[in-house]
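Here are a few notes to go with the model, in the order I would look through it. Keep the viewer open as you read.

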Number of protein chains: 2
Amino acid sequence: MKKSIGKTASVFPMPVLMIATYDENGKVDVMNAAWGMNCEMDRLTLCLSSGHKTAKNLRLNKACTVALADQAHLKEADYFGMVSGNKTPDKFERTGLHTVKSEKVNAPIIEEFPIVMECELLEEVETEHLHCFVVKVLDTLAEESVLKEDGKPCMHKAGAVLFNQFRMTYMTAGQHAGNAWSEGKALL
Amino acid sequence: MKKSIGKTASVFPMPVLMIATYDENGKVDVMNAAWGMNCEMDRLTLCLSSGHKTAKNLRLNKACTVALADQAHLKEADYFGMVSGNKTPDKFERTGLHTVKSEKVNAPIIEEFPIVMECELLEEVETEHLHCFVVKVLDTLAEESVLKEDGKPCMHKAGAVLFNQFRMTYMTAGQHAGNAWSEGKALL
């Protein structure tokens, strides 16, 4: 029997996205965002509050990178969600992580996270009920060490993590459960 | 060293959302959607192609339910992503799953999936670069059997699955990796 658990955010899982930008002085800022998704194969929708340092930087440079947090850097990833770049200008430096400038967009790539998308801003959407940024993914880069022989990333090698908002915890990716567009064939 | 893996959809993980609606005759339709997320605590953004049966039904009834697929019904969940309700009117019936009408919105609740959100349509957004539906979550219901003593769902009890779009596979949720707003304290 089902019972109400209230109006909590109930989409599971959520990603742990590391959105990296430069400010007007070329200083790196990074935020931790769970409310981001593909809205096309090469396009993301990112729901960020309008006042975030990241929002300001995105408007300024029309660019960001979006990395997938990994277990090895969970402390840093979590910290990026705890501290505001508006209030703590040396937020990124405190982590000791490293960046290189993207070759495709005016945004930093954090070296330590294994998978990253290089994105340019397409549009800031503001409607009656939605505020978000829509970005185009120009390319996805991955550490060779997280790729399998087929050239595609392995989420276990990547140490990928996910956000469980029911419990405010991070979880690892579990086991293979089935193949998409395949398990359902039994019902065709 | 990072190398390009191309412009593939690279957000990981994605949810496996079961969006259920009624058509003009009260017939149940369900689709499988990975491109949905919270955009507020009680609001979802769902990126669905405009021609989907679900899109038509959402416009008609201004309501849907959004359930989290589980491992026990992965065959059915996957099937809902393989077949179009426009072309196969008895799509839902073929699965043998059961529904009850939501008490809060004009949409069906699939009994077999353990966690479900009852949603009303707020807005269909169509901008230059984004098409999506924004829905308000009126309530979330969960099977008592998937709740822990604290009243919150356990993703292992729920058999929650996620979508790995890099490999077109479903995965289970793994182990606890850390606490949000906690792991990062070491860097404050």
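1. How many residues does the contact take from chain A and from chain B? The contact takes 85 from chain A and 85 from chain B. Keep in mind that we are looking at a predicted model. On the chain A side, strand β13 (residues 169-179) gives the most, with 11 residues. Sorted by class, that side of chain A has 44 nonpolar, 24 polar and 17 charged residues.

2. Now for the symmetry. Turn chain A by 180°, with a shift of 0.0 Å along the axis, and it can be laid on chain B with an RMSD of 0.0 Å. The two copies are thus related as by a two-fold rotation axis. If you want to find that axis on screen, look for A:Gly174: of the residues of chain A, its C-alpha comes closest, at 1.8 Å. The copies also meet through the same surface, because 100% of the interface residues of chain A are interface residues in chain B too.

3. Back to β13, where the two chains pair up. β13(A) and strand β13 (residues 169-179) of chain B run antiparallel to each other, paired over 7 bridges. For one of the partners, pick A:Gly178: its bridge partner in β13(B) is B:Tyr170. As a reminder, strands of a sheet pair through backbone hydrogen bonds, either parallel or antiparallel.

4. Zoom out and you can trace an open sheet of 6 strands with antiparallel pairing, in the order β2(A)-β12(A)-β13(A)-β13(B)-β12(B)-β2(B). At the edges stand β2 (14-15) of chain A and β2 (14-15) of chain B; each has a single partner strand, so one side of each is left without a neighbour in the sheet. In chain B, β2(B) pairs with strand β12 (residues 161-164) over 2 bridges, in the antiparallel sense. There, B:Pro15 stands opposite B:Leu162 of β12(B).

5. Which residues have the most contacts inside the largest nonpolar core? They are A:Met18 and B:Met18, in a core of 134 residues. Leaving out residues up to four places away in sequence, B:Met18 touches B:Val30, B:Asn32, B:Ala67, B:Ala69, B:Ala77, B:Phe80, B:Ile110 and B:Phe113.

6. Last stop: helix α2 (residues 74-82) of chain A. Its buried residues are A:Leu74, A:Glu76, A:Ala77, A:Asp78, A:Tyr79 and A:Phe80. What do they pack against? In chain A, the buried residues of α2(A) pack against β3 (17-22), β4 (28-33), β12 (161-164) and β13, and they also pack against β13 of chain B.

Terms used. Residues are numbered from 1 along each chain as its sequence is written. Chains are lettered from A and ligands numbered from 1 in the order in which they are written. This is a predicted model: local features need pLDDT of at least 70, side-chain atom pairs count only at pLDDT 80 or more; totals for chains, interfaces and linings use all residues. Copies are superposed by least squares on the C-alpha atoms of residues with pLDDT of at least 70 in both. Two residues are in contact if their C-beta atoms, placed from the backbone, lie within 7 Å. Helices (H or I, at least four residues) and strands (E, at least two) are DSSP runs, numbered from the N terminus. Ala, Val, Leu, Ile, Met, Phe, Trp, Tyr, Cys and Pro count as nonpolar, Asp, Glu, Lys and Arg as charged, and the others, Gly among them, as polar. Two strands pair if DSSP finds at least two bridges between them. A nonpolar core is a set of buried Ala, Val, Leu, Ile, Met, Phe, Trp, Tyr and Cys residues joined through C-beta atoms within 7 Å. A residue is buried if 20 or more other C-beta atoms lie within 10 Å of its own, exposed if 12 or fewer, and partly exposed in between; C-beta atoms are placed from the backbone.
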